[in-house]
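Please keep the sequence and the structure in view while reading.

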Amino acid sequence: MMAYSIVYAPLDQATRTEQVVERLSNAIISGVLQTDEQLPNENELSRLLGVSPVTVRDALNTLRTRQLIDTRRGRHGGSFVCQAPVEIMRKYHPLRLMASGELADFSEFHCAVIGHSARLAAQRSTPGELEMLGQLIDSFAAATQPDARIQADMRCLLTLASQAQSARLANQELEIQAEWTPLVALLYREAAVHSEVVTAWRSLLDVLHKADDFACYQLAQGMIARITDHLLECKLRMDTDAFFLQKPARE
């Protein structure tokens, strides 16, 4: 699944235990990796992340200390995701750790990548490719659970970047999603935000079919900018335990 390919994508600096801890803890705290989900074994994690087994082992020890994973013995044993305590979620959630200015800067970079991708996609996409994007948007619209919503949205973003027919843009979007996914995961607990982003995707698809490259550029950037506004609002509400304990809004 797309979210997992992002979580387990190779790291840039292969000897940094801190990077492995940050990548996995962000995915756990944001809900991309679910409670009781089994992580790949140490050798597989080493291969996926492009780090040494010793680095993986040290990182897993840190995650156990933070009560984010536990290790079970036996035939079906391994490392499993724990339900993160509220105090740990408050302390380590990536949205809380990122300064507002850093978030705004990151969003501007994402806007640039997605905006240019949309402009090129309007010029280069085939009808069949746009039909595929439409099907992904329909899947996003139909998703009712936060994890399914975030995975579907990331597929749409990466597909849009790939339809620009630029390997560099697609690779850049994949790198961005390693940070973007755990930030926006909380947003998709809210049905209103999900509905708003679905509407934005449908509007973008409409102008993609019309090959209006400038309108695509504006709509794609506007979609990311609006999500960032929600993230900044969300960040302001993260100082209370109640924020993390609230239940997802029902459809």
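## Salt bridges within and between helices

With a relative accessibility of 56%, Arg 47 counts as exposed, where exposed means over 50% relative accessible area, buried means under 20%, and partly exposed lies in between (1.4 Å probe, protein chains only). The model is predicted: local features need pLDDT of at least 70 and side-chain atom pairs count only at pLDDT 80 or more, while totals for chains, interfaces and linings use all residues. Residues are numbered from 1 along each chain as its sequence is written, and side-chain values use heavy atoms, with hydrogens and water left out.

The side chain of Arg 47 forms a salt bridge with that of Glu 44, at 2.6 Å from N to O. A salt bridge is a side-chain nitrogen of Lys or Arg within 4 Å of a carboxyl oxygen of Asp or Glu. Glu 44 and Arg 47 are 3 residues apart in helix H3, so about one helical turn separates them. Helices (H or I, at least four residues) and strands (E, at least two) are DSSP runs, numbered from the N terminus. Glu 44 is partly exposed, at 29% relative accessibility.

How many salt bridges does the rule give? The count comes to 9 salt bridges. In one of them, the side chains of Glu 42 and Arg 57 meet at 3.1 Å, N to O. Glu 42 belongs to helix H3 (residues 42-49) and Arg 57 to helix H4 (residues 53-65), so this pair ties together parts that are 15 residues apart in sequence. Glu 42 is partly exposed, with a relative accessible area of 26%, and Arg 57 is also partly exposed, with 36%.

## A link between distant parts of the chain

Another salt bridge joins the side chains of Arg 202 and Asp 138, at 2.9 Å from N to O. Arg 202 lies in helix H11 (residues 191-209) and Asp 138 in helix H8 (residues 127-142), so that the pair links distant parts of the chain, 64 residues apart. Arg 202 has a relative accessible area of 40% and is partly exposed; Asp 138 is partly exposed as well, at 40% relative accessibility.

Salt bridges can also share partners. Asp 36, Asp 70 and Arg 72 are joined into one network in this way.

## Two residues with positive phi

Asp 36, a member of that network, lies in the loop between helix H2 (17-30) and H3. Asp 36 has a positive phi of about 75° although it is not a glycine. Gln 67 is likewise not a glycine, yet has a positive phi of about 65°. Gln 67 is found in the loop between H4 and S1 and is partly exposed, at 45% relative accessibility.

## Buried positions and their contacts

Is Ile 69 buried or exposed? Ile 69 is buried, with a relative accessible area of 3%, and its place is in strand S1 (residues 69-72). Leaving aside neighbours within four places in sequence, Ile 69 is in contact with several residues, including Ile 28, Leu 39, Phe 80 and Cys 82; contact means heavy atoms within 4.5 Å.

Cys 82 is in the loop between strand S2 (78-81) and helix H5 (86-92) and counts as buried, at 18% relative accessibility. Not counting residues up to four places away in sequence, Cys 82 touches Ile 28, Thr 35, Gln 67, Leu 68, Ile 69 and Asp 70. The C-alpha atoms of Cys 82 and Gln 38 are separated by 9.8 Å, although these residues are 44 residues apart along the chain.

His 110, in helix H7 (residues 100-124), is buried at 0% relative accessibility.

## The packing of helices H10 and H12

Two packed helices are described by the angle between their axes and the distance between the axes. Helix H10 (residues 167-184) and helix H12 (residues 213-236) pack at an angle of about 50°, with their axes 11 Å apart. H10 is therefore oblique to H12. Angles under 35 degrees count as roughly parallel, over 145 as roughly antiparallel, 65 to 115 as roughly perpendicular and the rest as oblique. Axes are lines fitted to C-alpha atoms, for helices over the stretch in contact, and angles run from 0 to 180 degrees between N-to-C directions.

The contact is made by Trp 180, Leu 183 and Val 184 of H10 together with Ile 224, Ile 227, Thr 228 and Leu 231 of H12. These residues divide into 6 nonpolar, 1 polar and no charged. Here Ala, Val, Leu, Ile, Met, Phe, Trp, Tyr, Cys and Pro count as nonpolar, Asp, Glu, Lys and Arg as charged, and the others, Gly among them, as polar.
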